[in-house]
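Welcome! Here is a short tour of a protein model, meant to be read with the structure open beside you. Take your time and look up each residue as it comes along.

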Amino acid sequence: MNSAHAANFANTTGAIVGRLSALRLQFPILAQPVNGQPLVYLDNAATTQIPLTVLDAMREFETRARANIHRGVHTLSQRATDAFEDARETVKRHVGAAGAHELVFTSGTTEALNMLAQGISTGLDGHAAVLGAGDEIIVSGLEHHANLVPWQQAARRSGATLRILLPDAQGRLHEDALARLLSPRTRVFALTACSNASGERPPYEAMLALAQKADALTVLDAAQAVGHSAMQLDTLACDFMAFSAHKMYGPMGIGALVGRRAAMERLTPLRFGGDMVQSVSFQRAVFAQLPARLEGGTPNVSGAVGMAAAASFIEAVGFKAIEAHLTDLRQHAVRGLRQIEGVTVLSAQTEMSAIVSFVVQGAHPHDIGTLLDARGIAVRTGHHCAQPLLEHLGTGPTTRASLAVYNTHEEVAQLLSGVAHAIEVLR
Ligand SMILES: Cc1ncc(COP(=O)(O)O)c(C=O)c1O
């Protein structure tokens, strides 16, 4: 790790608890009071905080290499191009992408999924779109709106039918239900690696394999997994995977669509313009090869540099250690919440999730969130951009605490006493 702030938090095998003080120094934002109380930041599923090593990498780029990429012969332009392409390689490696994969930088998961859904439902220069009338798209019922609404639009645009793989009453998805939905007309199966609203982690490895066997293009929304789970794209039956840097300790406004090159080549570009063309006349354009083909316009280069630094930060801390720490914290939170009368935790049994979503009988999540904020505890309340799921489960809006590498058991204890206090006040 090449940073002025690289420090003794790096150790890929030791438990996180022994490294928490060094780790928390990487996140100065955590050391401030909020409403007169020490900040307890438990809104990590929305956005994680950013470590100094990532800020250092971005500052280094902006102060030493900032220039536009790919178009200049001058030294700074070459430095910036190298920084951007190095970042692409680092992020690809981080998610286990192999030689047969390509990665395109986007502004985040939402743009990646829109690029995909629009890219396969729109034709190009007289060539038909991948999706057509009579085709079927299957989307799981656990999805964030970002992995549902673009598919609704793709279905309307192409005349395809949208089918929903509904979860059971506990919010779990089942392979046999997917097997029943798959048909010779299924062209796309889109699934989340972890629901941001319930915390449920479906058996995505097996489900993607099932869908790919049925010749569907498979799409994984990994936004809630990349921050703590080692994704091994080259072992997954996954054609496309989308994720955002700001949910993995990186900057906002940058993310990626990564996938099998042969599948990515089938996408009609979302953005036409500079840098994505090979040659242009007044009437026509010949488009560039991947990845430039899907990266029209000036990209967020310092964002890409920051995203790569965030990947290096996670690897320096260690996936196994992070996963173990988050599992301990989640179990602590789930156990404690279930002991409070009237509290129901969604997907309490799920594993490898950093999200604790709950409802309280007789208390509105908004009021709970406001009372927690008065104690300096940041959680998120509402439908979490997954309204159909929470309506299907019958819970309505929830309170969601979500965990990250820098959270402590003391903070979980504060959450638990904060929730108990809020319930006392509200009943
Ligand atoms: C599962 C999931 N998918 C997609 C998104 C959208 O991510 P972004 O807002 O970074 O585009 C989110 C954000 O919360 C998410 O949790």
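Which residues in H4 meet which residues in H5? From H4 they are Leu113, Asn114, Ala117 and Gln118, and they meet Pro150, Trp151, Gln153 and Ala154 in H5. Please keep in mind that this is a predicted model.

**Helices H4 and H5**

- Two packed helices are described by the angle between their axes and the distance between the axes.
- Helix H4 covers residues 109–119 and helix H5 covers residues 149–158; their axes come within 9 Å and cross at roughly 15°.
- H4 and H5 are therefore roughly parallel to each other, as angles under 35 degrees count as roughly parallel.
- The crossing in which H4 passes H5 is right-handed.
- Sorted by class, the contact of H4 with H5 holds 5 nonpolar residues, 3 polar ones and no charged ones.

**Helices H11 and H13**

- Now find helix H11 (residues 365–374) and helix H13 (residues 409–426), whose axes come within 9 Å and cross at roughly 120°.
- That angle makes H11 oblique to H13.
- H11, too, has a right-handed crossing as it passes H13.
- On the H11 side, the contact is made by Asp367, Ile368, Leu371 and Leu372. On the H13 side, the residues are Gly418, Val419, His421, Ala422, Val425 and Leu426.
- The contact of H11 with H13 includes 7 nonpolar, 2 polar and 1 charged residues.

**The two domains**

- The protein chain is divided into domain 1, made of 16–42 + 318–426, and domain 2, made of 58–315.
- Between the C-alpha centres of domain 1 and domain 2 there are 29 Å.
- Where the domains touch, 23 residues of domain 1 are in contact with 21 residues of domain 2.
- On the side of domain 1 that touches domain 2, the elements giving two or more residues are helix H10 (319–338), strand E14 (355–360) and helix H12 (387–393).
- H12 gives the most to this side of domain 1, with 5 residues.
- By class, the side of domain 1 that touches domain 2 has 14 nonpolar, 7 polar and 2 charged residues.

**Around the ligand**

- How many residues surround the ligand? There are 15, and the closest are Gly108, Thr110, His144, Asn196 and Ser244.
- The shell around the ligand divides into 10 polar, 4 nonpolar and 1 charged residues.

How values were computed
Residues are numbered from 1 along each chain as its sequence is written. This is a predicted model: local features need pLDDT of at least 70, side-chain atom pairs count only at pLDDT 80 or more; totals for chains, interfaces and linings use all residues. Axes are lines fitted to C-alpha atoms, for helices over the stretch in contact, and angles run from 0 to 180 degrees between N-to-C directions. Helices (H or I, at least four residues) and strands (E, at least two) are DSSP runs, numbered from the N terminus. Angles under 35 degrees count as roughly parallel, over 145 as roughly antiparallel, 65 to 115 as roughly perpendicular and the rest as oblique. A crossing is left-handed if the near helix is turned anticlockwise from the far one by less than a right angle, and right-handed if clockwise. Two residues are in contact if their C-beta atoms, placed from the backbone, lie within 7 Å. Ala, Val, Leu, Ile, Met, Phe, Trp, Tyr, Cys and Pro count as nonpolar, Asp, Glu, Lys and Arg as charged, and the others, Gly among them, as polar. A residue is near a molecule or strand if its C-beta atom, placed from the backbone, lies within 6 Å of it. Domain bounds come from an automatic or database domain assignment.
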